[in-house]
Amino acid sequence: MAWNTNLRRRLPLFCLLFEVAMVVLFALYVRFNPDSDPDWKYEKRKANITSDIENEFYYSYPSFQDVHVMVFLGFGFLMTFLHRYGYSAVGFNFLLAAMGIQWALLMQGWFQHTRDNYILLGIKNLIDADLSVASVCVAFGAVLGKVSPLQMLLMTFFQVTLFSTNQYILLHQLEAKDAGGSMTIHMFGAYFGLVVTWILYRPNLDQCKERQRPVYHSNLFAMIGTLFLWIYWPSFNSAMSFRGDAQHRAAINTCCSLAASVLTSVAVSSMVHKKGKLDMVHIQNATLAGGVGVGTAAEMMLFPYGALVLGFICGGASTLGFVYLTPFLESRLQLQDTCGIHNLHGLPGLIGGITGAVAAAVVTPDIYGSQGLEHSSDFHQYQDEWTTREQGRYQAYGLLLTLGMALVGGLIMGFILKLPIWGQAADENCFDDSVYWEMHEESTDSSSPEEGSPQPTAPTAIPGPSATLAP
């Protein structure tokens with residue numbers, strides 16, 4: 001089958017029409033919230049606030065910066081391990097995040113932040129939009145190298161819509177707790193992306209097997225992404241928590257869980273190798289699994305030792321998933337998961353959702369205190385008949401709802417993207433930047449030289465202090 005990857009008309013048309021639509025919709029529906037409006041001085045008087053330091057900006061902007069770095073730098077560089085797909089990993093992640101944030105501000109605004117038919121925009125909205133885009137970045141990892149930028153933009157639009165709907169039902173109707181997004185971000189993004197890549201199965205990917213292998217410098221770039229994510233993950237899990245003790249607790253629990261997952265990942269990676277060596281894929285990914293797994297329960301009274309246990313479990317499960325589960329899913333279920341998102345986001349997200357349900361169900365007033373328990377649960381709608389078991393039950397409902405919406409949404413999106421009109425590359429051309437990017441340097445990859453082109457010769461070695469000259 002002939003594939004037309006020329007996007008000269010389709011990609012600019014989609015981007016420009018989308019941006020025009022955003023300008024119109026923002027003009028009609030979006031206004032500043034009181035903290036960012038010129039009337040802030042009158043709001044201060046009404047609320048008896050004496051200093052500008054009480055403005056939302058000073059509380060929330062540091063968290064927004066950290067989450068922003070994770071979305072644009074962390075996720076982008078984590079996917080640069082494919083040695084001939086670095087432009088696309090970082091560039092397409094940049095593109096989909098910039099588009100997704102705009103659409104998420106509208107979708108989540110319509111669901112959660114409207115007053116007098118206007119969406120009131122503040123820093124919290126920007127954090128929420130970044131978190132929704134993080135879910136898209138997770139799904140992107142499953143289809144990395146196998147889809148066109150146009151397909152990614154369509155997937156972003158659909159996924160942000162579905163994410164916002166699921167988040168609103170889960171957090172505002174069921175009133176489940178999911179501060180760090182183990183369910184709404186990681187599990188939803190992972191299983192949505194896995195179903196999409198399953199529908200888009202490519203039978204001839206073996207033809208470009210060489211391009212799917214990382215090299216030394218690409219693994220090093222990916223490790224930079226890992227470190228950015230690891231360092232800023234406590235902000236990611238605590239950004240939307242209640243100010244004060246809950247936010248403080250979420251950051252501590254996340255840091256402890258992440259630290260434990262590093263040690264476990266290194267241990268398991270060494271154990272499963274015949275010579276006890278470490279696999280860079282495990283270190284890049286499984287070391288982050290603790291941050292994913294602790295997300296739902298991050299602001300709960302998990303206690304530091306509980307966070308360490310959870311990081312221990314998630315780090316080990318993620319590493320074993322890369323070793324045994326990924327090959328099984330690809331060979332038996334034809335699931336081509338480029339980045340192994342099932343092991344980093346899907347499985348730890350599922351563990352985190354179950355942990356949140358159990359932690360909510362078994363908690364007692366002795367742990368929180370009666371007022372602390374009521375404040376931390378914030379279960380207003382059903383307050384009269386509310387119990388901790390009820391909270392745990394709704395946490396479980398939220399997990400099942402999220403899983404169901406991800407699977408159904410992924411099926412729908414997969415069949416839409418399967419249509420041969422989106423400029424996708426043929427199987428033998430996957431994982432190659434040159435399909436969609438202007439390459440300013442000639443590739444020296446011997447696997448695909450151009451016919452008639454001279455082959456590069458090895459550079460002449462210049463003897464140094466440690467070199468020995470041949471006689």
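1. Valine 268 lies in helix H9 (residues 245–272). Helices here are DSSP runs of H or I of at least four residues, strands are runs of E of at least two, and both are numbered from the N terminus. The model is predicted, so local features need pLDDT of at least 70 and side-chain atom pairs count only at pLDDT 80 or more, while totals for chains, interfaces and linings use all residues. Residues are numbered from 1 along each chain as its sequence is written, and side-chain values use heavy atoms, with hydrogens and water left out.

2. Valine 268 counts as buried because its relative accessibility is 9%; buried means under 20% relative accessible area, exposed over 50%, and partly exposed in between, with a 1.4 Å probe and protein chains only. Apart from neighbours within four places in sequence, valine 268 is in contact with Gly316, Thr319 and Leu320, where contact means heavy atoms within 4.5 Å. Serine 318 is 50 residues from valine 268 in sequence, and their C-alpha atoms are 9.7 Å apart in space.

3. The model has an open sheet of three strands in the order E1-E3-E2, with mixed pairing. Strands E1 (30–32) and E2 (114–115) are at the edges with a single partner strand each, so one side of each has no neighbour in the sheet. Two strands pair if DSSP finds at least two bridges between them.

4. E1 pairs with E3 (residues 118–121) in the parallel sense, over three bridges. Within this pairing, arginine 31 has leucine 120 of E3 as its bridge partner. Helix H1 (residues 10–29) packs on the sheet and touches E1 and E3, its direction making about 55 degrees with that of E1. Helix H4 (residues 86–112) also packs on the sheet, touching E1, E2 and E3, and its direction makes about 110 degrees with that of E3. Angles run from 0 to 180 degrees between N-to-C directions, and axes are lines fitted to C-alpha atoms, for helices over the stretch in contact.

5. E2 and E3 pair in the antiparallel sense over two bridges, with threonine 114 opposite isoleucine 119 in E3. The two strands form a hairpin with two residues between them, and aspartate 116 in the turn has a positive phi of about 55 degrees.

6. The axes of H1 and helix H6 (residues 149–173) come within 9 Å and cross at roughly 30 degrees. H1 is therefore roughly parallel to H6, a term for angles under 35 degrees; over 145 is roughly antiparallel, 65 to 115 roughly perpendicular and the rest oblique. The contact of H1 with H6 has nine nonpolar, no polar and one charged residues. Ala, Val, Leu, Ile, Met, Phe, Trp, Tyr, Cys and Pro count as nonpolar, Asp, Glu, Lys and Arg as charged, and the others, Gly among them, as polar. Residues in the contact include Phe14 and Phe18 in H1, and Leu153 and Phe157 in H6.

7. Helix H5 (residues 123–143) and helix H7 (residues 182–199) have axes that come within 8 Å and cross at roughly 35 degrees. Their contact has 12 nonpolar, six polar and no charged residues. Among them are Ser135 and Val138 in H5, and His186 and Phe192 in H7.
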